[in-house]
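Subject: Structure handover

Hello,

Here is the structure I promised to pass on. Please open it first, then read my notes below.

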Amino acid sequence: MTDIQQLLLSRIRDVADYPEPGVMFKDITPLLADPEAFTALTDALASIAKDTGATKVVGLEARGFILGAPVAVRAGLGFIPVRKAGKLPGATLSQSYDLEYGSAEIEIHAEDLSAEDRVLIVDDVLATGGTAEASLQLVRRANARVAGVAVLMELAFLNGRARLEPALDGAPLHALLTVG
């Protein structure tokens, strides 16, 4: 484990039985509160953005906003939010996806992306991969190319990587930390 990985992991708090009994929630708020750890995280993700040749960073609601916006600034790139349905004004592209119990829908302003864009999708956690998969579909429907997906933490026991592989279509998936 690298020094950066140790620093990041040391600032993630486990919260038992949240949001429901039997779940071990990975709370990143202590990491965000620590300027050294937050800077290290931002630098690591910005390095991935540069290495993938990204021209834009897409952040997934809500913690992907917190991580993605400073990454975009650090890498000198634009930032595009992917929001829950009904939260963006004007014309949007939307994508539905299945959850464990039910479904959800996310949206993006298609006008913020072009065929020349290579997009790095940033989020805090890769769990089952549903939201990330839907965001890959949205980026492509906006005629942009996917440069990759980068997350702080992958919950390997939920098999999100396997779900994402076909949708990535050869684009890289970077997880700074892998849990389980």
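Start with two helices. In this predicted model, helix 5 (residues 130-141) and helix 6 (residues 160-168) have axes that come within 9 Å. The axes cross at roughly 10 degrees. An angle under 35 degrees counts as roughly parallel, so helix 5 is roughly parallel to helix 6. From helix 5, the residues in this contact are Gly130, Ala132, Glu133, Leu136 and Arg140. They meet Arg163, Leu164, Ala167 and Leu168 of helix 6. Sorted by class, the contact has 5 nonpolar, 1 polar and 3 charged residues.

Look next at strand 3 (residues 56-60). Is it buried or exposed? Strand 3 is mostly covered, with 5 of its 5 residues buried. In a regular strand, side chains alternate between the two faces of the sheet. Here both faces are covered. Lys56, Val58 and Leu60 are buried on one side. Val57 and Gly59 are buried on the other.

One is strand 4 (residues 78-84), which runs parallel to strand 3 and is joined to it by 5 bridges. Within this pair, glycine 59 stands opposite proline 81 of strand 4. To get from strand 3 to strand 4, the chain passes through helix 4 (residues 63-75). This β-α-β crossover is right-handed. The other partner is strand 7 (residues 118-126), also paired in the parallel sense, over 4 bridges. There, valine 57 has leucine 120 as its bridge partner.

The antiparallel pairs come next. Strand 4 pairs with strand 6 (residues 102-108) in the antiparallel sense over 2 bridges. Lysine 84 stands opposite isoleucine 106. Strand 6 also pairs with strand 5, again in the antiparallel sense, over 7 bridges. In that pair, aspartate 98 stands opposite serine 103 of strand 6.

Where does it sit? Alanine 110 is in the loop between strand 6 and strand 7. Its relative accessible area is 25%. Buried would need under 20%, and exposed over 50%, so alanine 110 is partly exposed. Leaving aside neighbours within four places in sequence, alanine 110 is in contact with Leu93 and Ala142. Alanine 144 is 34 residues away from alanine 110 in sequence. In space, the two are 9.2 Å apart, C-alpha to C-alpha.

Best wishes

Note on methods: Residues numbered from 1 in each chain as written. Predicted model: local features only at pLDDT ≥ 70, side-chain atom pairs only at ≥ 80, totals over all residues. Heavy atoms only, no water. Axes fitted to C-alpha atoms, helices over the stretch in contact; angles between N-to-C directions. Parallel < 35°, antiparallel > 145°, perpendicular 65-115°, else oblique. Contact = heavy atoms within 4.5 Å. Nonpolar A, V, L, I, M, F, W, Y, C, P; charged D, E, K, R; others polar. Buried < 20%, exposed > 50% of the residue type's maximum accessible area, 1.4 Å probe, protein only. Pairing = 2+ DSSP bridges. Right-handed = clockwise from strand over helix to strand, strands pointing away.
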